[in-house]
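Here is a short tour of how the pieces of this model sit against one another. Have the coordinates open while you read.

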Protein chains: 6
Amino acid sequence: MTHPPHHAGESRLERGRRALAEIDGHAGEKVVAALADIAPDFATYLLEFPFGDIYSRPGLDLRAREIATIAALTAMGNAAPQLKVHIEAGLNVGLSRGEIAEIIMQMAVYAGFPAALNGLFAAKEVFAK
Amino acid sequence: MTHPPHHAGESRLERGRRALAEIDGHAGEKVVAALADIAPDFATYLLEFPFGDIYSRPGLDLRAREIATIAALTAMGNAAPQLKVHIEAGLNVGLSRGEIAEIIMQMAVYAGFPAALNGLFAAKEVFAK
Amino acid sequence: MTHPPHHAGESRLERGRRALAEIDGHAGEKVVAALADIAPDFATYLLEFPFGDIYSRPGLDLRAREIATIAALTAMGNAAPQLKVHIEAGLNVGLSRGEIAEIIMQMAVYAGFPAALNGLFAAKEVFAK
Amino acid sequence: MTHPPHHAGESRLERGRRALAEIDGHAGEKVVAALADIAPDFATYLLEFPFGDIYSRPGLDLRAREIATIAALTAMGNAAPQLKVHIEAGLNVGLSRGEIAEIIMQMAVYAGFPAALNGLFAAKEVFAK
Amino acid sequence: MTHPPHHAGESRLERGRRALAEIDGHAGEKVVAALADIAPDFATYLLEFPFGDIYSRPGLDLRAREIATIAALTAMGNAAPQLKVHIEAGLNVGLSRGEIAEIIMQMAVYAGFPAALNGLFAAKEVFAK
Amino acid sequence: MTHPPHHAGESRLERGRRALAEIDGHAGEKVVAALADIAPDFATYLLEFPFGDIYSRPGLDLRAREIATIAALTAMGNAAPQLKVHIEAGLNVGLSRGEIAEIIMQMAVYAGFPAALNGLFAAKEVFAK
């Protein structure tokens, strides 16, 4: 799957909203909605910078971008909700379950077995839905 | 680039040594040599588990594996020497400089701007060689 | 709000107990009570060093100290219970809800969007009480 | 308690399975079982490298190894399930409850009070069983 | 010191450039220049999101924002160059040397003594210039 | 080696100074001296809490305490100067070079191979002196 194309005249916010929908589906929308009463501007930033700017860049396809994100969130080991969203996003952009398990397993090398185990159990939960 | 094929009758250590040479080139050899007087068994484990086991698995190609590793080491932000080795490894397995910069830039979203900046400066150093 | 004044003849433990009550209110007491059967000495250290020594120092007011603590715990991303206690402590020493949200949002820059999101959702939980 | 002896002709997997049973008891078995449907090979690696290779090495007894693991997992603060397994493992290899509390308390010095508090509450949960 | 005011008709990039100059002075410019050959777009993002969006928000003054940043970077302990830039920025926006030392010392409570020690030695280096 | 005994009438500061000298030798003194102009009170806290309180507790001997500290600092991977001080401290309290290498190697399991490699290279540097 290729990156979301830039549409003429589209704002960063519009482009981000489109990219978020494509990548994270409903999980992304829910995060944006949950921010409405505490920090609505942060929802805007979330759409604009990560999705409108970074994920919409042409230099790397979405499959590669989700490999990077799943790896990083598994290795950091302190962002379980976001890891689950991106395991689902990985499936959305064409990674297979087996490939996602490979990425997470590999993190045992760089961040230790507990990080990889907790990542695999997060994936198990997402795959079970 | 595909994963290193399993050769009949090859031990984990031999397979790891072959994978390390293919992926990390001389940088990998130097690490193994530097361990000789302090923890020679650890050099064996390093060849066997990360390279003989994980990187040699068929379920994910080396390009994807290096995307995952560069992302994780950038995000963790506490393993500069290994990040540099894997930026070089990324080039070895076919990632372009631009793609490596994209992976590292994306980490600003997940691990903050300092992690991404330090990753980009590590890449700059590797690319300058 | 200024720092807790040093009272003549007060021990570190007494000063810490007074500072904890002022800053963390009942949440602090509960932590101390929960340590009674597993590590009672640790409750003493917790009162003495962080509260009797550090928070009681005159060089920085409690408002500034809670800004620092909320920022750090959000950025570290692995201490949710303590972050919630200090979001409440921030309100106790005069930070507004809006200011607390600003501090947490800013952490997206230094520790990534997941850390900031999880911090905002912790604040939402505290504010809802 | 000394390290698990190497038995003649035993494979890494067999040795790892034996070491895991000795150290982690049923908790270890459950982790291995939970991996069966998502990443069965990872269960093999977990038995082989950490337990068949590292914990079976003669240079450090299991008591010392569990001190190291409890300290590291407390300090990292992002692997609660594994910390609990190793608090139990610590008891299995001869550490007293008091010694385990000492190790965890000491981590306040190196990783901060929240890490130590969360470690102590994990120990409280394990000791209550 | 208050936050950088929004000027009518100013773009995020222009506002960010102005905020960066006010906060980080020449240190900020140098970082932007160093990115020119490896990731020029990242310099733009750095100006736009952290400085044009976050630091320019009216809800928290720059003094408070630098307290938060110095605390977070000290606690994370893996971004020495950025910590030094923000210790200097703290001085630029009106924090005293003593206040900066207080913030860093307090991090011993949340991230351990090594993080605080390394932060103090970074401050010592900045103050010596 | 057992823990430093409590002497009648000794203050926390005196006890800490004695414990620091016993454990860290000259390396500890140098850290205390380096704090004199930036944060002299922090030198006092460092002597009092980690050394006067924690390391002087009778429930765990110094050998076990240094195993815990070396493991934690290796795993955290962001405190190289303190790790080196404690590798030397480990030798001072009776750990052999081989045992220290075992502790560090084991961290590959919990914090990844880069953390263990960087720990081993730190040990190599200390052992070479």
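## Ground rules and the salt-bridge tally

A salt bridge here is a side-chain nitrogen of Lys or Arg within 4 Å of a carboxyl oxygen of Asp or Glu. Go by that rule and you get 60 salt bridges over all chains.

Keep in mind that this is a predicted model, so local features need pLDDT of at least 70 and side-chain atom pairs count only at pLDDT 80 or more, while totals for chains, interfaces and linings use all residues. Residues are numbered from 1 along each chain as its sequence is written, chains are lettered from A and ligands numbered from 1 in the order in which they are written, and side-chain values use heavy atoms, with hydrogens and water left out.

## Inside chain A

Where they touch, 14 residues of domain 1 of chain A are in contact with 12 residues of domain 2 of chain A (contact means heavy atoms within 4.5 Å). About 1100 Å² is buried between the two domains of chain A, with carbon and sulfur atoms giving 55% of it. Buried area is the accessible area (1.4 Å probe) that two parts lose on being put together, summed over both.

How many salt bridges run between domain 1 and domain 2 of chain A? The count is zero, though three residue pairs are in polar contact there, both partners at pLDDT 80 or more. A polar contact is a pair of N or O atoms within 3.5 Å; within protein, one must be able to donate a hydrogen and the other to accept it, and residues adjacent in sequence count only if both atoms are side-chain atoms. On the domain 1 side of this chain A boundary, helix 1 (residues 12–24) of chain A gives the most, with three residues. Helices (H or I, at least four residues) and strands (E, at least two) are DSSP runs, numbered from the N terminus. By class, that domain 1 side has seven nonpolar, four polar and three charged residues. Ala, Val, Leu, Ile, Met, Phe, Trp, Tyr, Cys and Pro count as nonpolar, Asp, Glu, Lys and Arg as charged, and the others, Gly among them, as polar.

UniProt, in an unreviewed entry, puts the feature "domain: Carboxymuconolactone decarboxylase-like" at residues 40–125 of chain A. Over residues 40–125, chain A is 83% helix and 0% strand, and the end C-alpha atoms are 29 Å apart.

K84(A) pairs with E125(A) in a salt bridge, the closest N and O atoms being 3.1 Å apart. That pair links distant parts of the chain: K84(A) is in helix 5 (residues 80–92) of chain A and E125(A) in helix 7 (residues 113–128) of chain A, 41 residues apart.

## Chain A against chain B

Chain A and chain B each put 29 residues into their contact. Together they bury about 2600 Å², 70% of it on carbon and sulfur atoms. E102(B), Q106(B) and Y110(B) supply 25% of the area that chain B buries against chain A, more than any other three residues.

There are four salt bridges between chain B and chain A. In one, E102(B) meets R57(A), with 2.8 Å from N to O. The chain B side draws two or more residues from each of helix 3 (40–54), helix 4 (62–76) and helix 6 (97–111) of chain B, and its residues divide into 21 nonpolar, four polar and four charged.

## Chain A against chain D

Here the contact takes 15 residues from chain A and 17 from chain D, and the buried area is about 1300 Å², with carbon and sulfur atoms giving 77%. The salt-bridge count between chain A and chain D is one: D37(D) with K124(A), at 3.3 Å from N to O. Helix 7 of chain A provides the largest share of the chain A side, 10 residues.

Note on methods: UniProt positions renumbered as here; feature names shortened; annotations may be inferred.
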